[in-house]
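Please look through the sequence and the model below before reading on.

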Amino acid sequence: MADIDTSGGGGHKKGGKKRGKKLSTRVDFTPMVDLGFLLITFFMLTTSMSKPSVMDINMPVKDEQLKDEDKTKIKASQAMTILLTGKDQIVYYFGIGEEVQNPLVTNFGANGIRKVLLEESRKRNPSLDSIKIFKQMANERRITEDEFKANYSRIRNNKNGLIVLIKADDKSKYKNLVDILDEMNITNNGRYAIVDMTPGDLKMINDNPYVKK
Amino acid sequence: MGKVKVPRKSTVVDMTAMTDVAFLLLTFFMLATQFKPEEAVVVDTPSSISEIKLPDTKVMQISIDKTGKIFFGLEGTEFRKALLDNIASKRQITFTATEKEEFSKLANFGTPLSELKSYLGMSKDQRKKYNEETKGIPCDSTQNATNELKDWIIESRRVTNSAAVIAIKGDRDSNYPVVKNIIATLQAQKANRFNFITNMEQAPNL
């Protein structure tokens, strides 16, 4: 079907009438298909499909001149400190400074830090679970995308909500930092900061018998 | 004695439909994709549920490989040329026109300034070998001249009018102190907004 018809229109030489040769208009497409697939393969291998996804980070402005009393104070009842250390371990405690409760050790599993964060956020921010409802409403087009975003950030940044201080020590990996920031997004916690580790925190990790060295 | 005649069927298939499909796919791939930039390092990024995409233009990318070496890249050949000019005048290094041309083609690089000149003169294979042995761009906790990453960031922001989006592409196994130094360097430049490049991951159902 697709090959070139070489038989032509001949075979009737008896008649005196001269007839123009009937040439087939069929062209062999096989080389063209070959070429097409070759180019597809080339483009598939040399190009990248989509842009990578990114995680947005906002660091507080670092101002050397800022006096201690100007700095934002957070209530001890709202504060939670997460210390990241080696071997994918997390040490966390509630409160600030002297009123610190017992530091606890956990990990990045679904029953680890995520559970703790969810429980604590729900305790302080009862409207947290309504994000799910808003999201569904947005999916069903009952509220607009903008309305969803407004509600979402209002609930996330609830002023009584949990404030998480993330501190990573020198043994932790970059992955741990990204994972904990991801947990913040998963648990819809909008109030967190990456802070430098204090000597007291470091001592808390090193003196803890449950932290694997 | 009737012989059963098996009709001879043609084995030739119509290729037209296949051509159509092949070229349709070809058109799709040409339009939907873009060429991969030649990366100097392989970075295995961690995953997150974030759905924000990296913008198309003016991206300043700081890559960290798994041993903690830092690589730097700025998008746009014109910006790269201007960037090298600024760095050259700041550090009193002169580059030839061919070296500048070579630099404008680099998607990213990880050489200390002292070795940049020889790196630009290398062939593709030599560069590959060099990138395995290099120490990466020097970056420390100070904001002095030893922190070369600082200069690259300052000048990149200058040539792009501070419009460049800063993206950090770290390997999951790179150590945190390296990241800490980079963040401190960025913060010292008052670049408090930046992005971590991650793989997309399905959000868990809570």
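Two strands are said to pair if DSSP finds at least two bridges between them. Helices (H or I, at least four residues) and strands (E, at least two) are themselves DSSP runs, numbered from the N terminus. With these terms, one hairpin of chain B can be described: S4(B) and S5(B) have five residues between them, and in this hairpin Gly68(B) takes a positive phi near 95 degrees.

The model is a predicted one, in which local features need pLDDT of at least 70 and side-chain atom pairs count only at pLDDT 80 or more, while totals for chains, interfaces and linings use all residues. Residues are numbered from 1 along each chain as its sequence is written, and chains are lettered from A and ligands numbered from 1 in the order in which they are written.

S4(B) and strand S5 (residues 70-74) of chain B pair in the antiparallel sense over five bridges, and Ser63(B) stands opposite Phe71(B) in S5(B). S4(B) is also joined to S6(B) by six bridges, and these two strands run parallel; here Val59(B) has Val165(B) as its bridge partner in S6(B).

Is strand S4 of chain B enclosed or open? A residue is buried if 20 or more other C-beta atoms lie within 10 Å of its own, exposed if 12 or fewer, and partly exposed in between, with C-beta atoms placed from the backbone. Six of the six residues of strand S4 (residues 59-64) of chain B are buried, so the strand is largely enclosed by the rest of the structure. In a regular strand the side chains alternate between the two faces of the sheet. Both faces of S4(B) are covered: Val59(B), Gln61(B) and Ser63(B) are buried on one side, and Met60(B), Ile62(B) and Ile64(B) on the other.

Chain A contains six helices and seven strands. From the N terminus on, its elements run α-β-β-β-β-β-α-α-α-β-α-β-α. Five of the strands form an open sheet of mixed pairing, in the order S5-S4-S3-S6-S7. Its edge strands are strand S5 (104-107) and strand S7 (192-195), each of which pairs on one side only. Within the sheet, strand S3 (residues 79-85) and strand S4 (residues 89-94) of chain A run antiparallel and are joined by six bridges; Leu84(A) has Ile90(A) as its bridge partner in S4(A). Helix H6 (residues 199-207) of chain A lies across S3, S4 and strand S6 (163-168) of chain A, at about 60 degrees to S3(A). For such angles, axes are lines fitted to C-alpha atoms, for helices over the stretch in contact, and angles run from 0 to 180 degrees between N-to-C directions.

In soluble globular proteins, nonpolar side chains tend to be buried together. A nonpolar core is a set of buried Ala, Val, Leu, Ile, Met, Phe, Trp, Tyr and Cys residues joined through C-beta atoms within 7 Å. The largest one in this model has 59 residues, and Ile82(A) and Leu177(A) have the most contacts inside it. Helix H5 (residues 174-186) of chain A gives the most to this core, with six residues. Two residues are in contact if their C-beta atoms, placed from the backbone, lie within 7 Å. Leaving aside neighbours within four places in sequence, Leu177(A) is in contact with residues of both chains, including Leu84(A), Ala168(A), Tyr176(B) and Val179(B).

How many residues does each chain bring to the contact between them? Chain B gives 51 residues and chain A gives 42. On the side of chain B, H1(B) supplies the largest share, ten residues. Strand S2 (residues 53-58) of chain A and S7(B) pair in the antiparallel sense over six bridges, with Met55(A) opposite Phe196(B). In the loop between strand S1 (47-48) and S2 of chain A lies Pro52(A), which counts as partly exposed because it has 15 C-beta neighbours inside 10 Å. Leaving aside neighbours within four places in sequence, Pro52(A) is in contact with Leu54(B) and Ile197(B).

Finally, the confidence of the prediction deserves attention. pLDDT is the predictor's confidence in each residue, from 0 to 100. Its mean in chain A is 77, and 83% of the residues of this chain reach 70 or more. Over residues 5-13 of chain A, pLDDT stays under 50.
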